[in-house]
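Please prepare a short briefing on the sheets, helices and loops of the structure shown here.

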There are 2 protein chains.
Amino acid sequence: MHRTKVRIVEDALDANNTIARANRDDFDHHDVTVLNLMSAPGAGKTTLLERALGEPLEGVRVGVLEGDVQGSYDADRLAALHLPVTQLNTDPGFGGECHLDANMVRSALPSLPLGEIDLLVIENVGNLVCPAEFRLGEDARAMVCSVTEGEDKPLKYPLMFRSCELVLINKLDLLPHLQVDLDRLLYNLDAVNPGVRRLLVSALTGDGIDELRQWLHELATGRARAGV
Amino acid sequence: MHRTKVRIVEDALDANNTIARANRDDFDHHDVTVLNLMSAPGAGKTTLLERALGEPLEGVRVGVLEGDVQGSYDADRLAALHLPVTQLNTDPGFGGECHLDANMVRSALPSLPLGEIDLLVIENVGNLVCPAEFRLGEDARAMVCSVTEGEDKPLKYPLMFRSCELVLINKLDLLPHLQVDLDRLLYNLDAVNPGVRRLLVSALTGDGIDELRQWLHELATGRARAGV
């Protein structure tokens, strides 16, 4: 029974990869670079996007696909930035999927203005486990880890930290008020994904936001793809 | 195909409930009260347990079942409290389950000293979606929501907030440093689970820990079961 379950899961991930490749072909056809942005709930994905995309990225038209179990709270926030934002809810699936998969993204493709954007940011459901297992057809993956979550998160959720090309260490402004050792957090990050690109950021103070904007710009113009 | 998926999920949840009832029978047989403790990653479940269980609960012998994708970091911390702690990892399942289910807990039963404890706290995997969907055979559910996660979490993860008898609002000490409106968070909590018991706590300062200890004591001695 255990083997059967493993087999079902492997089949599901195979099927997902097939659809992810189809998504990727469609994105490539429209010359759209796609970023899969992940984190735990409340780590600050949306606020970071508000800060990073508040001003246009030079020569890069950005769109956002918002993944949530229910509601459109984040999409409503980002729509205020006058970017094209598409909401994708996972609760029609069943009780509510804890992650986006390639098929959900595929179902959203007709609603995405692919001809009018250069960079699509997909904000995944807040979760450090399953989103890392499902490719969506993205060019790159980034994750947000808030310092408030503690130093041990890379060790406890290694697949997530390993699968990303960029790790944003967020809420840096709170560090003086926490019993959290940033060096230990970065040490643990290097233990699971040695040398991965990381940015220390604060959506509140704006620290690191210029660097994030530069990374997004380079990603969209082809200089930061494939983890470079 | 969509219907098929829904059917598979319904069958899986039915099967889970059957095993959860068997777990519950075993817990009842040993007169052990069981609490399922859930939260997002890094909300502070383990630190709260360290604070709340650092001193013995009068007349209540406590054991802990630690659920994690990988590793035993939290179990190692709690073992320092000289409580019986059993580690349950979800990664043998496949790439790593994002939640505990009744069958995983069942597989851990032989390792649990049920005859020597009165209260078993099951610390679930850090995730605000799937843990709420899988009953483990518990008497009560509690969740931890850190104020650092923002006011909107009850609205975005309503099933989790709805399925708990107690909501611990944690990291209260950080509130002065956040742009988070506690009243709005509590308003949103009441929107999805009106009047649910809640405690404002800080594992750092100890605020609310006595009340949490009292709640645990009443749960174990039968006065706080079933959401009373």
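In this predicted model, helix H8 (residues 209-220) of chain A lies across strand E1 (33-39), strand E4 (119-123), E5, E6 and E7 of chain A. H8(A) runs at about 140° to E1(A). Helices (H or I, at least four residues) and strands (E, at least two) are DSSP runs, numbered from the N terminus. Axes are lines fitted to C-alpha atoms, for helices over the stretch in contact, and angles run from 0 to 180 degrees between N-to-C directions.

Residues are numbered from 1 along each chain as its sequence is written, and chains are lettered from A and ligands numbered from 1 in the order in which they are written. Local features need pLDDT of at least 70, side-chain atom pairs count only at pLDDT 80 or more, totals for chains, interfaces and linings use all residues, and side-chain values use heavy atoms, with hydrogens and water left out.

**Sheet of chain A**

- Seven strands form an open sheet with parallel pairing, in the order E3-E2-E4-E1-E5-E6-E7 (chain A); two strands pair if DSSP finds at least two bridges between them.
- Strand E3 (85-89) and E7 of chain A are the edge strands, each pairing on one side only.
- From one strand to the next, the twist averages 20°.
- Strand E5 (residues 140-146) of chain A pairs with E6(A) in the parallel sense over five bridges, and A:Cys145 stands opposite A:Ile169 in E6(A).
- Strand E6 (residues 166-170) and strand E7 (residues 197-200) of chain A are joined in the parallel sense by four bridges, and A:Leu168 has A:Leu199 in E7(A) as its bridge partner.
- E6(A), helix H7 (residues 182-192) of chain A and E7(A) form a right-handed β-α-β unit. Right-handed means that, with the strands pointing away from the viewer, the path from the first strand over the helix to the second runs clockwise.

**Sheet of chain B**

- An open sheet of seven strands in chain B has the order E3-E2-E4-E1-E5-E6-E7, with parallel pairing.
- Its edge strands are strand E3 (85-89) and E7 of chain B.
- E5(B) and E6(B) pair in the parallel sense over five bridges, with B:Ser146 opposite B:Asn170 in E6(B).
- Helix H7 (residues 182-192) of chain B packs on the sheet and touches E5, E6 and E7 of chain B. The direction of H7(B) makes about 160° with that of E7(B).

**Helix H8 of chain B**

- Helix H8 (residues 209-220) of chain B has twelve residues and reaches 16 Å from its first C-alpha to its last, close to the 16 Å expected at 1.5 Å a residue. The expected span is 1.5 Å times one less than the number of residues.
- Buried residues of H8(B) include B:Leu212, B:Trp215 and B:Leu219; buried means under 20% relative accessible area, exposed over 50%, partly exposed in between (1.4 Å probe, protein chains only).
- H2(B) and H8(B) pack at an angle of about 85°, with their axes 9 Å apart. H2(B) is therefore roughly perpendicular to H8(B) (roughly perpendicular covers 65 to 115 degrees).
- B:Gly222, which follows H8(B), has a positive phi near 90°.

- Most residues other than glycine have a negative phi.
- A:Lys171 is not a glycine, yet its phi is positive, about 65°.
- A:Lys171 lies in the loop between E6 and H7 of chain A and is buried, with a relative accessible area of 11%.
- B:Lys171 also has a positive phi, near 60°, and is found in the loop between E6 and H7 of chain B.
- B:Lys171 is buried, with a relative accessible area of 13%.

Notes:
Parallel < 35°, antiparallel > 145°, perpendicular 65-115°, else oblique. Contact = heavy atoms within 4.5 Å.
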